[in-house]
Amino acid sequence: MNRILAIHASPRAERSHSRRLAEGFLAALPQAKITRREVGRADLPHVNEAFIAAAFHSEPGNRPLTMQADLALSDQLVDELLDHDLLVISTPMYNFSVPSGLKAWVDQVVRLGRTFDLRIEDGEAQYEPLLKGRKALIVTSRGGAGMGPGGELEWMNHADTWLRVALGFLGIEDVKVIAAEGEEGNPDAFRASCQQAERELASLAESQWTRP
Ligand SMILES: Cc1cc2nc3c(=O)[nH]c(=O)nc-3n(C[C@H](O)[C@H](O)[C@H](O)COP(=O)(O)O)c2cc1C
């Protein structure tokens with residue numbers, strides 16, 4: 001049985017296309033155990049000085065209680081991530097990237113000693129990802145079109161492309177992206193793009209890829 005962590009990043013609820021498409025995928029996996037984490041309609045804190053001091057403390061096993069408190073939410077989100085083998089992220093493109101709630105979630109779970117390690121070898125930083133073997137699906141919706149691989153406006157896309165880099169840094173390298181494009185353009189073309197995304201998600205749900 002798959003353990004799926006579903007991260008929803010749109011501030012919109014019923015009107016969100018990325019959320020609807022991702023929920024359709026999840027509904028096609030009735031055997032999976034699904035945990036939902038809202039980051040689009042919740043206020044996740046930004047990284048601040050207290051967080052940095054605690055997260056990069058020289059003796060992580062010996063943090064003062066105040067620092068442990070400063071990392072409590074981050075620890076909870078990391079535990080949640082570690083507890084699942086498939087990550088499903090639904091997100092709009094906002095200003096060529098992801099909404100700030102999703103960026104805040106990534107900032108909370110990229111944690112030294114928990115999701116990645118760092119050693120200095122011969123004066124060089126060596127990063128070691130700690131989440132190897134997990135998979136991720138990114139379901140995204142964009143107002144514009146042509147921002148996928150090979151598209152005319154691909155160079156503008158710092159949303160799913162950035163997420164892929166951040167997840168890869170943690171060792172999650174098996175990442176699939178399914179996108180609906182053109183919400184701000186021709187309604188028929190956008191409907192067709194959503195239908196294409198639904199077909200791709202349905203076939204992914206039926207494939208071996210979703211098996212643990
Ligand atoms: C604040 C804001 C910024 C946006 N920025 C972009 C953008 O940079 N590129 C783009 O193609 N669409 C952009 N859009 C359009 C959304 O990506 C599009 O409406 C998408 O379908 C929203 O996803 P959702 O339905 O899951 O909320 C933006 C929308 C908003 C509200």
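Biologist: Where does F96 lie?

Modeller: First, this is a predicted model in which local features need pLDDT of at least 70, side-chain atom pairs count only at pLDDT 80 or more, and totals for chains, interfaces and linings use all residues. Residues are numbered from 1 along each chain as its sequence is written, and side-chain values use heavy atoms, leaving out hydrogens and water. Helices (H or I, at least four residues) and strands (E, at least two) are DSSP runs, numbered from the N terminus. In those terms, F96 sits in the loop between β3 and α5.

Biologist: What does F96 count as at 43% relative accessibility?

Modeller: Its backbone is worth a look too: phi of F96 is near 75 degrees, a positive value in a residue other than glycine. Buried means under 20% relative accessible area, exposed over 50%, and partly exposed in between (1.4 Å probe, protein chains only). Because its relative accessibility is 43%, F96 counts as partly exposed.

Biologist: And what does D122 count as at 81% relative accessibility?

Modeller: D122 is found in the loop between β4 (116–121) and β5 (124–129). Phi of D122 is also positive, near 50 degrees, in a residue other than glycine. With a relative accessibility of 81%, D122 counts as exposed.

Biologist: Let's go inside. Which residues have the most contacts inside the largest nonpolar core?

Modeller: A nonpolar core is a set of buried Ala, Val, Leu, Ile, Met, Phe, Trp, Tyr and Cys residues joined through side-chain atoms within 4.5 Å. The largest one here has 29 residues. Those with the most contacts inside it are I7, L87, L102, W105 and L167.

Biologist: Which element gives the most to this core?

Modeller: The elements that give it two or more residues are β1 (3–8), α4 (72–82), β3 (86–92), α5 (100–109), β6 (135–142) and α6 (160–169). With five residues, the one that gives the most is α5.

Biologist: How many residues of α5 are buried?

Modeller: The buried ones are G101, L102, A104, W105, V106, Q108 and V109. They pack against β1, β2, α2 (49–55), α4, β3 and α6, where contact means heavy atoms within 4.5 Å. That makes α5 mostly covered, the buried count out of its 10 residues being seven.

Biologist: With which partners is L87 in contact, leaving aside neighbours within four places in sequence?

Modeller: L87 is one of the residues with the most contacts inside the largest core. Its contacts, leaving aside those neighbours, are L5, I7, L81, W105, K135, A136, L137, L167 and I172.

Biologist: How many bridges does β6 make with β7?

Modeller: Two strands pair if DSSP finds at least two bridges between them. β6 pairs with β3 in the parallel sense over seven bridges, and L86 stands opposite K135 there. On pairing with β7 (residues 174–181), β6 again runs in the parallel sense, and A136 stands opposite V175. The number of bridges between β6 and β7 is eight.

Biologist: Which residues come nearest to the ligand?

Modeller: A residue is near a molecule if one of its heavy atoms lies within 4 Å of it, and 18 residues are around the ligand. A polar side-chain atom of S16 lies 2.7 Å from an oxygen atom of the ligand, and a backbone N or O atom of G144 also lies 2.7 Å from a ligand oxygen atom. The residues that come nearest are S10, S16, S18, S141 and E183.

Biologist: What is the relative accessible area of S18?

Modeller: S18 lies in helix α1, and leaving aside neighbours within four places in sequence, it is in contact with S10, S90, T91, P92, V139, T140 and S141. Its side chain makes a polar contact (a pair of N or O atoms within 3.5 Å; within protein, one must be able to donate a hydrogen and the other to accept it, and residues adjacent in sequence count only if both atoms are side-chain atoms) with the side chain of S16, at 3.3 Å. S18 is buried, and its relative accessible area is 2%.

Biologist: Finally, which residue joins R36 in a polar contact of side chains at 2.8 Å?

Modeller: R36 lies in strand β2 and is partly exposed, with a relative accessible area of 46%. Not counting residues up to four places away in sequence, R36 touches A6, H8, E23 and L26. The side-chain partner in the 2.8 Å polar contact is E23.
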